[in-house]
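This report covers selected side-chain interactions and packing. The sequence and model are shown first.

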Amino acid sequence: MDGSYQSSFNAIGDYKKWPFYVQVDLEQVCDLANIQTSWYICKGSEGYYTYTVEGSLDGVNWTQILDHTNKNSESVTKTYGFNSDMLKGRARYVRLNVKNATLQNNPDNNWYNPQVYEMKIFGTPVSKAETPAPVIDIDFDNGTGDLKLSSGASVDGNGFSGKGLRLDGSDSSFAELPSGLLDGCRDYTVSMDIKSESEGNFFTFAAGKNDEKYVFFRVAKDTFRFAATTDSWRDETVIERDADGTNWHNYTLVFSDATSKLYIDGKFVSETTETHGQIADMGSGTSCYIGKSYYGTTPASKAR
């Protein structure tokens with residue numbers, strides 16, 4: 001989707017799996033007309049791909065708008081390297097669901113790595129997309145909403161632009177969001193205004209199950225650190241940056257499948273496309289905290 005046929009989406013690590021999908025947000029509602037896909041193929045082991053295309057107005061409810069899986073059709077089995085398919089439907093989000101690749105010389109052994117060089121969507125914009133409302137939005141001027149405070153957490157008038165959550169650094173200083181809030185999520189955003197006086201190892205925000213499966217970020221005096229894993233600290237995906245934690249800044253993490261992006265004060269800072277820990281892979285009943293770690297020996301945070 002970057003316009004270059006020299007770069008590609010290439011699944012790696014834990015995500016080297018079939019089937020796979022590639023999804024795009026068109027950022028406006030469109031009447032769809034065409035999808036063009038440029039595939040990976042290997043000379044001497046050329047393969048054709050089976051896939052479907054889905055469209056959605058909200059990114060939650062999906063409708064299939066193309067089925068390219070019929071192996072009795074020569075348009076499926078005789079097309080290699082590039083496909084151009086007509087589409088009919090209205091959508092903001094488009095998802096290419098790639099089922100399999102069938103190789104000429106070994107049709108029962110798909111050794112291809114999940115890979116797509118380019119996907120282009122054509123259509124006509126018909127309306128602007130509505131800005132999605134946050135699942136939970138707390139400004140503390142109107143209470144704490146679904147956020148439950150422990151004894152060491154409080155709300156005072158020293159927030160970024162009014163009232164804010166204060167954590168005093170004690171073991172009982174944290175806030176808890178509803179259990180299961182992020183269950184099954186692969187696409188979500190966490191955004192907070194934070195000022196921190198803490199050092200060392202601690203979790204400013206954490207979601208997951210335990211010290212084996214979690215997503216967290218930490219805002220310390222001089223460092224921002226994000227990590228995600230489904231195999232404890234041994235296999236963490238990490239983003240770490242110098243940061244001015246002692247002054248107010250907005251920290252926003254945007255998660256989309258294996259891609260995690262960090263924005264500070266609205267400016268893109270860093271990303272990883274190899275996130276090993278996704279909430280959707282952690283089962284049901286995940287927890288979600290501000291100021292609490294899944295490691296019992298990790299000190300609490302002192303922040304607002």
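Arginine 225 has a relative accessible area of 17%, so this residue counts as buried, the limit being under 20%. The model discussed here is predicted.

**Salt bridges**

The side chain of arginine 225 forms a salt bridge with that of glutamate 240, at 3.9 Å from N to O. This pair links distant parts of the chain: arginine 225 belongs to strand E14 and glutamate 240 to strand E15, 15 residues apart.

Across the whole structure, 7 salt bridges are found. Three of them are listed below.

| Glutamate 212 | Arginine 234 | 3.6 Å |

Glutamate 212 is partly exposed at 32% relative accessibility.

Through shared partners, the salt bridges join Glu212, Asp231 and Arg234 into one network.

**Nonpolar cores**

In soluble globular proteins, nonpolar side chains tend to be buried together. The largest nonpolar core in this model comprises 31 residues. Within this core, the residues with the most contacts are Leu165, Phe205, Val215, Phe217, Phe224 and Phe226. Strand E11 (residues 187-194) contributes the most to the core, giving 4 residues.

What does valine 215 touch, not counting residues up to four places away in sequence? The list includes the aromatic residues Tyr188, Phe205, Phe226 and Phe255. Valine 215 also touches Ala206, Ala207, Ala227, Ala228, Gly277, Ile279 and Met282.

Another core, of 22 residues, lies apart from the largest one. Among its members are Val53, Ala91, Val98 and Leu103.

**Histidine 68**

Histidine 68 lies in strand E4 (residues 63-68). Is its side of the chain buried or exposed, judging by the relative accessible area of histidine 68? The value is 5%, so histidine 68 is buried. Leaving aside neighbours within four places in sequence, histidine 68 is in contact with Tyr49, Thr50, Tyr51, Ser75, Val76, Asn83 and Asp85.

Technical notes: Residues numbered from 1 in each chain as written. Predicted model: local features only at pLDDT ≥ 70, side-chain atom pairs only at ≥ 80, totals over all residues. Heavy atoms only, no water. Helix = DSSP H or I, 4+ residues; strand = E, 2+ residues; numbered from the N terminus. Buried < 20%, exposed > 50% of the residue type's maximum accessible area, 1.4 Å probe, protein only. Contact = heavy atoms within 4.5 Å. Salt bridge = Lys/Arg side-chain N within 4 Å of Asp/Glu carboxyl O. Core = buried A, V, L, I, M, F, W, Y, C linked by side-chain atoms within 4.5 Å.
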